[in-house]
Amino acid sequence: MSGFAIRGWCPDAWHPMVAGDGLLVRVRPRLGRLDRDQALGLCDAALTFGNGLIDLTSRANFQLRGVSEVVWPALVERLVELELVEADPVREIKRNILVSPLWQDADDTVRIATELIARIAELPELPGKAGFVIDAGPVPVLLGEAGDFRIERAASGGLILRAQGRTSGVDVPPGTEVDRLIAMARWFAENGGLDVGRMSRFAAELPDWAQGSVKPAPAAGAFRPGPTPTGAAWGVPFGQVSALALARLISDPAATALRATPWRLLIVEGATFAPVEELVDDPQDPLLRVDACPGAPSCPQASVETRELARGIAPQVTGRLHVSGCAKLCAATGRADVTLTGREGRYDFSGEGRERLALGRDEVLALFGAG
Ligand code: SF4
């Protein structure tokens, strides 16, 4: 049995993170997809072993929250049975692969990700957060998402290998993509990358075979709630949903599978697009412009509540809003127009060209005319 994750490590099911509301157990579905039975099994596991809340992460993974150390082994056993977690903890650590959620059966993304999973044992030991991105659909959709070793579609129509932090990559002959990914990961591990941690910060010159001047094709626009090529998409406010709501979503008789995305959207294959409790179906909903970490009491670092306050003021904020339980700003997804940061039980406000420090909750609400 493996142990608990240390701070700064990337948790997985075998190495859960200790959070304020119990253990946080991460699930990395293969190809980001759960069939109907797996999705219902995940919801049942969250209710049986956790507090019934499920996070959707920026790497298109799920996290079950509020798990006790006592039930954690039984939970992992259940997740292995559901084929959502590898029985081998080493394989689970290495299987850090983000794929385009818009993959279609037997396309390049599926082909490459499936081969990479099959050859996962060939990967070296990598830093906890180092991962792979397979974005091989007709148009890149993951250019804004982190991932150290990447296969992407180029404007020419071919595929390129690109290291995170480099603006261009090198053409890869069809069928050799996984060879190149493994070679790049090995080169990174053998040349000092383990000390640096992420490819984006690793300034060493790439080997000749990994250097190129081919840029990825222009990215697709942002995805919003509504129909997508692979199913209907709903927004997940703050990246968290209850297991009950998720189970209702996948219980639609027409639904066949659930796909995770890194954009706080869940896609349901076959489902009818309609309002669903807890989830966002309006592409203009202000909650889609909000980042808010779990805050107090879920996170021990937080001194303030975050998400209810964010719900209260979001309609009054123009642009992006970030409400953070502390100065670590874990939930940030980019530049925010308005930021509220918890400090010693009060909120520091910055935005709209001004700053106000140490505001109480009511003062924040009044500031936004939401009191
Ligand atoms: S930003 Fe602070 S309070 Fe929020 S989740 Fe991160 S550590 Fe916890």
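User: Helix axes here are lines fitted to C-alpha atoms, over the stretch in contact, and angles run from 0 to 180 degrees between N-to-C directions. With that in mind, at what angle do α1 and α2 cross?

Analyst: This is a predicted model, and in it helix α1 (residues 36–49) crosses helix α2 (residues 72–81) at roughly 175 degrees. Their axes come within 11 Å.

User: What does that make α1 relative to α2?

Analyst: Roughly antiparallel, because angles over 145 degrees count that way.

User: Which residues make the contact?

Analyst: From α1 you've got Gly41, Leu42, Ala45 and Phe49, and α2 brings Ala74, Leu75, Arg78 and Leu79. By class, the α1 contact with α2 splits into 6 nonpolar, 1 polar and 1 charged.

User: OK, another pair. How do α4 and α5 pack?

Analyst: Helix α4 (residues 108–118) meets helix α5 (residues 177–190) at about 50 degrees, and the axes are 9 Å apart. That angle makes α4 oblique to α5.

User: Left-handed or right-handed crossing?

Analyst: α4 passes α5 in a right-handed crossing. On the α4 side the contact uses Arg111, Ile112, Glu115 and Leu116, while α5 supplies Glu177, Val178, Leu181 and Ile182. That gives 5 nonpolar and 3 charged residues, with no polar ones.

User: Switching to the ligand. Which residues surround it?

Analyst: Cys293, Pro294, Cys299, Gln301, Ala302, Ser324, Gly325, Cys326, Lys328, Leu329 and Cys330. The shell around the ligand divides into 7 nonpolar, 3 polar and 1 charged.

User: Zooming out, how many helices and strands are in the protein chain?

Analyst: The chain has 9 helices and 20 strands.

User: And what's the radius of gyration of the protein chain?

Analyst: It comes to 21 Å. A compact globule with 371 residues would be near 21 Å, so the chain agrees with that.

User: What box do the C-alpha atoms fill?

Analyst: Along the principal axes, roughly 60 × 45 × 40 Å.

How values were computed
Residues numbered from 1 in each chain as written. Predicted model: local features only at pLDDT ≥ 70, side-chain atom pairs only at ≥ 80, totals over all residues. Heavy atoms only, no water. Helix = DSSP H or I, 4+ residues; strand = E, 2+ residues; numbered from the N terminus. Parallel < 35°, antiparallel > 145°, perpendicular 65-115°, else oblique. Left-handed = near helix turned anticlockwise from the far one by under 90°. Contact = heavy atoms within 4.5 Å. Nonpolar A, V, L, I, M, F, W, Y, C, P; charged D, E, K, R; others polar. Near = heavy atom within 4 Å. Rg over C-alpha atoms; globule rule 2.2 N^0.38 Å.
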